[in-house]
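This briefing looks at an annotated set of residues and then at the chain around it. Please keep the structure in view while reading.

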Amino acid sequence: LRKQTFPAWGYTGSRVEYSSGSMKYVPVHEPAIESDLRRLEKFLDDKPHILVLTGAGISTESGIPDYRSEGVGLYARSNHKPIQHGDFVKSEAVRKRYWARNYVGWPRFSAIEPNVTHYTLARLEREQRISGIVTQNVDKLHTKAGSKSVVELHGSGYTVMCIAKGCDYTIPRHEFQRILDQLNPHMEDKSTMMRPDGDVELPQEYVDNFKIPECPQCGGALKPEIVFFGDNVPMPRIERVVRMIIESDGVLVLGSSLTVFSGYRIVLQAKELGLPVAIVNIGATRGDPKADLKISARCGELMQNLFKK
């Protein structure tokens, strides 16, 4: 086992486990060592305009679960799979189920605060050590932390849009919540489990009685501005990300297994351009064979000490 060399960080064992609070969705992991921190600092120093790709593994430390982490991810805790885009578009029952669960989960999900990784990335952006952030997360925590150059690869849960072709109606999620409040005055919070996009588990009886509005502009169906599984990232967003890669000196991946191709593609494109890639993640990732630097550690543990000596 690796020895802990940062006593100031407050860890005394050789493996770290969390069972409650904001860390309950962080999987069991080895503590970081000083050489990990120094290698990461050197990577950022050698290439001053690094593009950062973040995944659900950085938001677990704020209390939002991811999908795939061993023992604590959604797949490990339930048999439910994330909503599929095609099912949402085709089925009113699926839309009702989604919005009922999202409605109940929204107050907690939207109140979640950034953690040390989000705040450190905002600081690195101000110090011009990184050129921007591409995030696979839909939680707006980078923006809450103060980061400016952020591309939300899979969209955001903070905007609701009409899915009817040719309709451009959108509404802020907080305003949409007030509409749902009016339509469902007797809805109670009977949820049992939060999901990565703010969705929760609810008894079927609550879902059956839930009311959702139509688009006031065209009468179409409304969905969050999130790229659901089975949907495609909009081409203008992909083109912007490609420009960001080309203009960067390298890519740093934080908290992503890179299982979803839209994220893994960024690593592949960086390597095609001859750019270095560093990955910090608990456990293996799809991009490890491509990485010039791989550190298996909790992101917050490294980020809170970055460039402090």
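In an unreviewed UniProt entry, the annotation "binding site" covers Cys-162, Cys-167, Cys-215 and Cys-218; UniProt positions are given in the numbering used here, feature names are shortened, and annotations may be inferred rather than shown by experiment. These residues are spread over 57 residues of sequence, yet they cluster in space, with a largest C-alpha distance of 9.2 Å. This is a predicted model: local features need pLDDT of at least 70, side-chain atom pairs count only at pLDDT 80 or more, and totals for chains, interfaces and linings use all residues. Residues are numbered from 1 along each chain as its sequence is written, and side-chain values use heavy atoms, with hydrogens and water left out.

**Cys-162**
- Cys-162 lies in strand E4, residues 155–162 (strands, E, at least two residues, and helices, H or I, at least four, are DSSP runs numbered from the N terminus).
- Cys-162 counts as buried because its relative accessibility is 3% (buried means under 20% relative accessible area, exposed over 50%, partly exposed in between, with a 1.4 Å probe and protein chains only).
- Beyond its neighbours within four places in sequence, Cys-162 is in contact with residues including Cys-167, Cys-215 and Cys-218 (contact means heavy atoms within 4.5 Å).

**Cys-167**
- Cys-167 lies in the loop between E4 and strand E5 (170–172).
- Its relative accessibility is 15%, so Cys-167 also counts as buried.
- Not counting residues up to four places away in sequence, Cys-167 touches Cys-162, Cys-215, Gln-217 and Cys-218.

**Whole chain**
- The protein chain has 12 helices and nine strands.
- Of its 309 residues, 54% count as buried.
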